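Hi there,

Here is the model I promised to pass on to you.

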Amino acid sequence: MNTAYLSMGSNIGNRLQHLKQAVQLLHEHPAITVLDVSSVYETEPLGLTEQAKFLNIAVNLETSLEALELLNVCQSIENKLGRMRKIRWGPRTVDLDILLYNHDVLQLENLLIPHLRMHERAFVLVPLVEINPEVKNPVTGTLYRDEPAMQEDGVVLWKKVQRVEEFLQQD
Ligand code: GSY
């Protein structure tokens, strides 16, 4: 069995609902068990700053899928929930990024693990470290909680979450 960490973000429409639907679809997949979901954080947009704030979460899951198969599942969830990839750095209904897959380092054409620049993004690190403070960069061995980006502003706790079921049931 493999373990993976995902980052999810939404800044269009009912942001919380989009994140919940994405987690629900992962949860329903026969080869995936969602183990943990972070609290929900409201975050300042990176890239195009003239856009709505994001809600971001991190998810820990267990899966029998290979990394590329998991990527396909993530992309089909993005498509199902109406993500459009028209504007680079632009607004999105929901974005699912694989951050870590076991302790693997993968450099495939369409998949980099660990996710490129994740260690520089507070909106990725803060939710990730909440669900596992011991998680390390598989390339450098550095604890993600020790990354300077953890101290950046622009990431505010929006809704406390303690269990996956609670997250999926909340309104
Ligand atoms: O990389 C994921 C999509 N995204 C985000 C995001 O999820 N959160 C914040 N705060 N800014 C972002 N810019 C992009 S692109």
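To start with a question: which polar atom of the side chain of Asn56 aside, what backbone atom lies 3.1 Å from it? The backbone oxygen of Met8 lies at that distance from a polar atom of the Asn56 side chain.

Before the rest, two notes on the source. This is a predicted model, in which local features need pLDDT of at least 70 and side-chain atom pairs count only at pLDDT 80 or more, while totals for chains, interfaces and linings use all residues. Residues are numbered from 1 along each chain as its sequence is written, and side-chain values use heavy atoms, with hydrogens and water left out.

Asn56

Asn56 sits in strand 4; strands (E, at least two residues) and helices (H or I, at least four) are DSSP runs, numbered from the N terminus. Its relative accessible area is 2%, so Asn56 is buried (under 20% relative accessible area; exposed is over 50% and partly exposed in between, with a 1.4 Å probe and protein chains only). The side chains of Asn56 and Thr43 are joined by a polar contact of 2.7 Å (a pair of N or O atoms within 3.5 Å; within protein, one must be able to donate a hydrogen and the other to accept it, and residues adjacent in sequence count only if both atoms are side-chain atoms). Not counting residues up to four places away in sequence, Asn56 touches a set of residues that includes Ser7, Gly9, Tyr41 and Phe123 (contact means heavy atoms within 4.5 Å).

The ligand

Asn56 also belongs with Thr43, Glu44, Leu46 and Asp95 to the closest of the twelve residues that surround the ligand (a heavy atom within 4 Å). A polar side-chain atom of Thr43 is 2.7 Å from a ligand nitrogen atom. Of the 360 Å² of accessible area that the ligand has on its own, the protein covers 94% (Shrake-Rupley method, 1.4 Å probe). Strand 4 (54-63) and strand 5 (95-101) are the elements that give two or more residues to this shell.

The cores

The largest nonpolar core has 35 residues (buried Ala, Val, Leu, Ile, Met, Phe, Trp, Tyr and Cys residues joined through side-chain atoms within 4.5 Å). Among those with the most contacts inside it are Leu6, Val23, Ile57 and Phe167. Helix 2 gives the most to this core, with six residues. Leaving aside neighbours within four places in sequence, Val23 is in contact with residues including Met8, Val34, Ile57 and Phe167. A second, separate core of 18 residues includes Met118, Val135, Tyr144 and Met150.

Ser38 lies in the loop between strand 2 and strand 3 (40-43). Ser38 counts as buried because its relative accessibility is 0%. A polar atom of its side chain lies 2.9 Å from the backbone nitrogen of Ala58. Among the contacts of Ser38 beyond four places in sequence are Pro127, Glu130 and Ile131. Helix 3 (residues 122-131) is mostly covered, with nine of its ten residues buried. Those buried residues pack against strand 1, strand 2, strand 3, strand 4, strand 5 and strand 8 (155-159).

Enjoy looking through it!
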